[in-house]
Amino acid sequence: MCGIVGYVGDRPCRDLLIAGLEKLEYRGYDSAGVSVITDGEIDSVRAVGNLANLREAIDEHGGDGGDGGVAVAAPPATIGVAHTRWATHGRVTEENAHPHGDCADKIHIVLTGIVENHAELRKELEAEGHTFSSETDAEIVSHLIERHYKDDLAAAVRGAFAELRGHYAFVAMHLDQRDTLVAARKECPLIVGLGSDENFVASAIPAFLAETRRVLMVENGEIVTITPDGAEITDADGNPISREEDEVTWDEDAAEKGGYPTFMKKEIHEQADAVAETITDRLSGLDSVDLSGVDLDDEFLRTADRLMIVACGTSYHAGLVGRYAIEQWARVPVGIDIASEYRYRDPVSRPNDLVIGITQSGETADTLAAMRLAGEGGSKVLAITNIMGSQATRDADAVLFTRAGLEIGVAATKTFTSQVAAMYLLALRLAELRGTMPPERIAELIAAIKGLPSKIDETLAKVDKRAAAIARTHKDQRFFLYLGRHIGLPICLEGALKLKEISYIPADAYAAGEMKHGPIALLDEDTPVVCVATDSPVLDKVLSNVEEVRARGADVIAVATEGSDRVAEVADQTLFVPRTDWMLQPILAILPLQLLAYYIARENGLNVDQPRNLAKTVTVE
Ligand code: AGP
């Protein structure tokens, strides 16, 4: 999740753009850049690392504070674009940092998100003679605009927009049109900041909030042309769309949190984007999963004897979901272990094993040690991580990146759902290569996975208030029991972990079938029992377990699939999630549990972003 900002107006814009990037730093990044039009050319500076590096590069570029070009020029530049990069395609290098130019260096663009069909478009454009200077998917856009440009930037952007597929937003400028920026939105957020004789465009409001509180929301599939005098929104065919401007009332702190009261709540609401970016260009086909970016050859994936997952905390729970999917779809035996146990139990790892280390930070000491141990045993090691350049990416033989963007809240949310999405991709790819599922079933699951981002937003919109209400009536409870079966069990473990780590209330998660072997003794009148009862082949079993706890007076809070009235009949409160393939329900079922834990902690006045005794990354043994 990159950060983009553009300015056109009458003020020198370099520092305004850099200040905008500073306000987007919370989105996380590994490199940055800025381009401005000055003195008959586009002047651009990019740098790997943080904004201090970019400032340094600007100074070396000959910055004199004159604020002319990016560095020095007579008339100060009053139009420009800038970017903070969260690498997804192409290594963390200066060449891959944005802004990206076209062959003639007359068009510069900044993009956030993913261009799904970048590979095929690059082939076409190279065949037409275009030369590329980066490994990124984003650079496609500047060359596509170049292909369509005939003296009208907005028309050229419409032409490019029609050919692009994916999940993105971008801003473009052309040397010959020094008072015009044109931006386009396909899913990823894009907002215009309205000023007098100047306007901004950015991926998030904080980028220009210090300059204006008047905003124009750009909706999905729209294109906006911005000049110093105003902003005109059209649909993808150029038909004008009128839009009321809004007033932003957030303070600086809220701004950094995207208008949410906490980072955790912001990140809960970023899950649709996180999952979309994690799957977008890996599911570009209808019936096949493209993991070509993962350095594991198909023959090995087809013939590996066994998979072994090692991870800690929330990542371990994502691994548990992955195990169910891989065994169910690809019929490969999958072992899983908590990394801090795996590394000391002298595990058996063999050359034809694939060991998967799941770690969002890529720096968790126990998981890294477990991965290294497996590698020493001759096994192939795959890292599933969210951070490019992290230790896990250096230790592993191959890396499958989740693309959740920086997660600041200590309690993992969007990295969990994007890890689960990544596990589904791996499971489907293994099934494809091993021929363990008919192509129609694979196509069906691919379509269902592509539908998850919108179902995530739908779920959050539907259950938010209800979860808050249940939290209000349960905030003083001193113990919670979570029960689930099959693919619902990892979701119970994760829901219980969220409650424990941010509300400090003791909670236990148990396989529902195991209850009668002991934990049922914990139940008394009013013990809240949270039950994951989404549709699945074991739902009847789950319902009979619900009856068991109800018979002991427990207060049952159930998560169920929409339309599944049987659950609502036996539970005291039911939180419904939209229907999707039963094996994919976990990505939706965790959402009400994240919110329940969140609201209970908030009701008790706790700091959910930085809970006591916890660190975001556990680099100690
Ligand atoms: C989850 O909310 C916690 N922050 C913690 O359990 C975390 O999942 C664990 O430390 C693993 O971190 P990793 O994914 O960065 O390896």
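Reader: Which residues are exposed on the other side of H3?

Author: This is a predicted model. In helix H3, which spans residues 118-127, the buried residues are His 118, Leu 121, Arg 122 and Leu 125. They cover an arc of only 105° around the axis, which puts them on the same side of H3. The exposed residues on the other side are Lys 123 and Ala 127.

Reader: What covers the buried residues of H3?

Author: An α-helix has 3.6 residues a turn, so residues three or four places apart point the same way. In H3 the buried set is His 118, Leu 121, Arg 122 and Leu 125. The cover over these residues includes strand E6 (107-115), helix H4 (139-148) and helix H5 (153-163).

Reader: Which residue with a positive phi follows H3?

Author: Helix H3 covers residues 118-127. The residue that follows has a phi near 105°, and this residue is Gly 129.

Reader: How many residues apart are Glu 22 and Arg 55, whose side chains meet in a salt bridge?

Author: Side chains of opposite charge can pair when their charged atoms come close. For Glu 22 and Arg 55 the N to O distance is 2.6 Å. The pair links distant parts of the chain, with Glu 22 in helix H1 (residues 14-24) and Arg 55 in helix H2 (residues 51-60), and the separation is 33 residues.

Reader: Are Glu 22 and Arg 55 buried, partly exposed or exposed?

Author: Buried means under 20% relative accessible area and exposed means over 50%. Glu 22 has a relative accessible area of 34%. Arg 55 is at 35%. Glu 22 is therefore partly exposed, and Arg 55 also counts as partly exposed.

Reader: Which residue forms a salt bridge with Arg 91?

Author: Arg 91 lies in the loop between strand E4 (79-85) and strand E5 (100-101), and its partner lies in the loop between H3 and H4, 44 residues apart. The closest N and O atoms are 2.3 Å apart, and the partner is Glu 135.

Reader: Are Arg 343 and Asp 366 buried or exposed?

Author: The side chains of Arg 343 and Asp 366 meet in a salt bridge of 2.8 Å, N to O. Arg 343 is in the loop between helix H11 (339-342) and strand E18 (353-359), and Asp 366 is in helix H12 (residues 365-376). Both Arg 343 and Asp 366 are buried.

Reader: How many residues are in the largest nonpolar core?

Author: In soluble globular proteins, nonpolar side chains tend to be buried together. Among the members that touch the most others are Ile 326, Trp 329 and Tyr 482. Apart from this core lies another, of 31 residues, including Leu 21 and Ile 191. The largest nonpolar core has 95 residues.

Reader: Which helix gives the largest share of the lining of the largest pocket?

Author: The largest pocket has a volume of about 960 Å³. Its lining has 40 residues, and Arg 185, Glu 187, Cys 188, Pro 189 and Asp 273 lie nearest its centre. Strand E7 (166-174), strand E8 (177-186), helix H8 (271-279) and helix H16 (452-474) each supply at least two lining residues. The largest share, 5 residues, comes from H8.

Methods:
Residues are numbered from 1 along each chain as its sequence is written. This is a predicted model: local features need pLDDT of at least 70, side-chain atom pairs count only at pLDDT 80 or more; totals for chains, interfaces and linings use all residues. Side-chain values use heavy atoms; hydrogens and water are left out. Buried means under 20% relative accessible area, exposed over 50%, partly exposed in between (1.4 Å probe, protein chains only). Helices (H or I, at least four residues) and strands (E, at least two) are DSSP runs, numbered from the N terminus. The arc is that of the directions from the helix axis to the C-beta atoms. Contact means heavy atoms within 4.5 Å. A salt bridge is a side-chain nitrogen of Lys or Arg within 4 Å of a carboxyl oxygen of Asp or Glu. A nonpolar core is a set of buried Ala, Val, Leu, Ile, Met, Phe, Trp, Tyr and Cys residues joined through side-chain atoms within 4.5 Å. On a 1 Å grid over the protein atoms alone, a cavity is a set of points where a 1.4 Å probe fits but cannot get out, and a pocket is an open set with protein on both sides within 12 Å along at least five of seven lines; lining residues have an atom within 4 Å of a point. Grid points are joined across faces, edges and corners, and a volume is the space filled by probe spheres set on the points.
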